[in-house]
Amino acid sequence: MPESEPLPDPRLVSFGMQIRRLREERGYSLEELAERSGLSFRGLIYIEHGRRNPGVLTVLSIASGLNVAPARLFEDVFQVPDETETGP
């Protein structure tokens, strides 16, 4: 039986959901956002589904394609506590 893919990091899933929300609010298809941002359609699909961890330049391109400040992409991103942190 083939090994299943590991589950994506919940923070990446939340990040992707935020991109999708913003994209849909603007009435953009994936194809349109890909064109507006200069990214590939397939790459955007992976990002929206939390299967890819985009770099800074990719995040900036997505924000530009959505015509939002990059910080908007992170507004509702689910925070998972870092197990290495201590304190309150």
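What percentage of the contacts in the protein with a separation of 6 or more comes from residues 24 or more positions apart? The value is 64%, where contact means heavy atoms within 4.5 Å.

**Figure 1. Overview of the predicted model.** The model is predicted, so local features need pLDDT of at least 70 and side-chain atom pairs count only at pLDDT 80 or more, while totals for chains, interfaces and linings use all residues. Residues are numbered from 1 along each chain as its sequence is written, and side-chain values use heavy atoms, with hydrogens and water left out. The protein has four helices and zero strands, giving the pattern α-α-α-α along the sequence. Helices (H or I, at least four residues) and strands (E, at least two) are DSSP runs numbered from the N terminus. Of the 88 residues, 31% count as buried; buried means under 20% relative accessible area, exposed over 50%, and partly exposed in between (1.4 Å probe, protein chains only). The accessible surface is about 6300 Å², and carbon and sulfur atoms hold 53% of that area. Areas are computed by the Shrake-Rupley method with a 1.4 Å probe, and for residues only the protein chains shown count as cover.

**Figure 2. Close-up of helix 2 against helix 3.** Helix 2 spans residues 30-37 and helix 3 spans residues 41-48. Their axes lie 9 Å apart and the packing angle is about 110°; axes are lines fitted to C-alpha atoms, for helices over the stretch in contact, and angles run from 0 to 180 degrees between N-to-C directions. The two helices are therefore roughly perpendicular to each other. Angles under 35 degrees count as roughly parallel, over 145 as roughly antiparallel, 65 to 115 as roughly perpendicular and the rest as oblique. On the helix 2 side the contact is made by L30, E31, L33, A34 and S37, and on the helix 3 side by F41, L44, I45 and E48. By class, these residues are six nonpolar, one polar and two charged. Ala, Val, Leu, Ile, Met, Phe, Trp, Tyr, Cys and Pro count as nonpolar, Asp, Glu, Lys and Arg as charged, and the others, Gly among them, as polar.

**Figure 3. Close-up of helix 2 against helix 4.** Helix 4 covers residues 56-66, and its axis comes within 8 Å of that of helix 2, with a crossing angle of roughly 110°. Helix 2 is therefore roughly perpendicular to helix 4. Helix 2 contributes L33, R36 and S37 to the contact, and helix 4 contributes S61, I62, G65 and L66. The contact has three nonpolar, three polar and one charged residues.

**Figure 4. Close-up of P8.** P8 sits in the segment before helix 1 and is partly exposed, at 22% relative accessible area. Leaving aside residues up to four places away in sequence, P8 touches V13, H49, G50 and R51. P8 and H49 are 41 residues apart along the chain, and their C-alpha atoms are separated by 8.3 Å.

Figure 5. S29 belongs to the loop between helix 1 (10-25) and helix 2. Its relative accessibility of 30% makes S29 partly exposed. A C-alpha separation of 9.9 Å is found between S29 and F41, which are twelve residues apart along the chain.

**Figure 6. Close-up of N67.** N67 lies in the segment after helix 4. Its phi is near 60°, a positive value in a residue other than glycine. Most residues other than glycine have a negative phi. N67 is exposed, with a relative accessible area of 64%.
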